[in-house]
Amino acid sequence: MLKHQDVDTLLRALAEPTRRSIIERLSNAPAAVGELAKPYDMSLAAVMQHLQVLEAAGIIASEKVGRSRICRLEPEGMDALALWIEARRHPSERKLDRLAAFLNETGDKP
């Protein structure tokens, strides 16, 4: 059973454009926090807050490597959201398939 709180947490984390941008960057390769912060006109502390939200949602993970904190995407981090979307997509697609079949039977083209 899918927990709505997981989906809610993921949606809240993804709602902010800076966090989505960070995810885009990390989809290429892991990166140090300082490197992730460079393109943003905000303090390092503000970027760290965004990273904490993403980590709490399970979208990214970080680890200390030497003097740097390295962030990387978590492959299964958005699975709950993908499953939630998929569960709502299939019923709609089936309805459209039935409508198309009905229209084809009656001679109308969709």
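What follows is a short exchange about the model and the terms applied to it.

Guide: Note at the start that this is a predicted model.

Visitor: What pattern does the protein follow along the sequence?

Guide: The order is α-α-β-α-α-β-β-α. In total there are 5 helices and 3 strands.

Visitor: Why is histidine 50 called buried?

Guide: The cut-off for buried is under 20% relative accessible area. Histidine 50 has 12% relative accessibility, so the residue counts as buried.

Visitor: Where is histidine 50, and which residues does histidine 50 touch, not counting residues up to four places away in sequence?

Guide: Histidine 50 sits in helix α4, which covers residues 44-56. With residues up to four places away in sequence left out, its contacts are Glu16, Thr18, Arg19, Ile22 and Met42.

Visitor: What makes threonine 18 buried or exposed?

Guide: Its relative accessible area is 12%, and buried means under 20%, so threonine 18 is buried. This residue belongs to helix α2, residues 17-26. Leaving out residues up to four places away in sequence, threonine 18 touches Tyr40, Met42 and His50.

Visitor: How much of the protein is buried?

Guide: Buried residues account for 25% of the 110 residues. In helix α5, Ala80, Leu81 and Leu103 are buried.

Visitor: How do you know what span to expect for helix α5?

Guide: Helix α5 runs over residues 79-105, which is 27 residues. The expected span is 1.5 Å times one less than the number of residues.

Visitor: What does the radius of gyration say against the rule for a compact globule?

Guide: For 110 residues, a compact globule would have a radius of gyration near 13 Å, whereas the protein has 20 Å. Along the principal axes, the C-alpha atoms fill a box of roughly 70 × 30 × 20 Å.

Visitor: What share of the contacts with a separation of 6 or more joins residues 24 or more positions apart?

Guide: Such residues account for 52% of those contacts.

Visitor: How many positive and negative side chains are there, and how far apart are the centres of the two sets?

Guide: There are 16 positive and 16 negative side chains, and the centres of the two sets lie 4 Å apart.

Visitor: What is the accessible surface of the protein?

Guide: The accessible surface is about 7,700 Å², with 55% of that belonging to carbon and sulfur atoms.

Notes. Residues are numbered from 1 along each chain as its sequence is written. This is a predicted model: local features need pLDDT of at least 70, side-chain atom pairs count only at pLDDT 80 or more; totals for chains, interfaces and linings use all residues. Side-chain values use heavy atoms; hydrogens and water are left out. Helices (H or I, at least four residues) and strands (E, at least two) are DSSP runs, numbered from the N terminus. Buried means under 20% relative accessible area, exposed over 50%, partly exposed in between (1.4 Å probe, protein chains only). The radius of gyration is taken over C-alpha atoms; the globule rule is 2.2 Å times the number of residues to the power 0.38. Contact means heavy atoms within 4.5 Å. Accessible areas come from the Shrake-Rupley method with a 1.4 Å probe; for residues, only the protein chains shown count as cover. Lys and Arg count as positive and Asp and Glu as negative; His and the chain ends are not counted. The place of a charge is taken as NZ of Lys, CZ of Arg, CG of Asp or CD of Glu.
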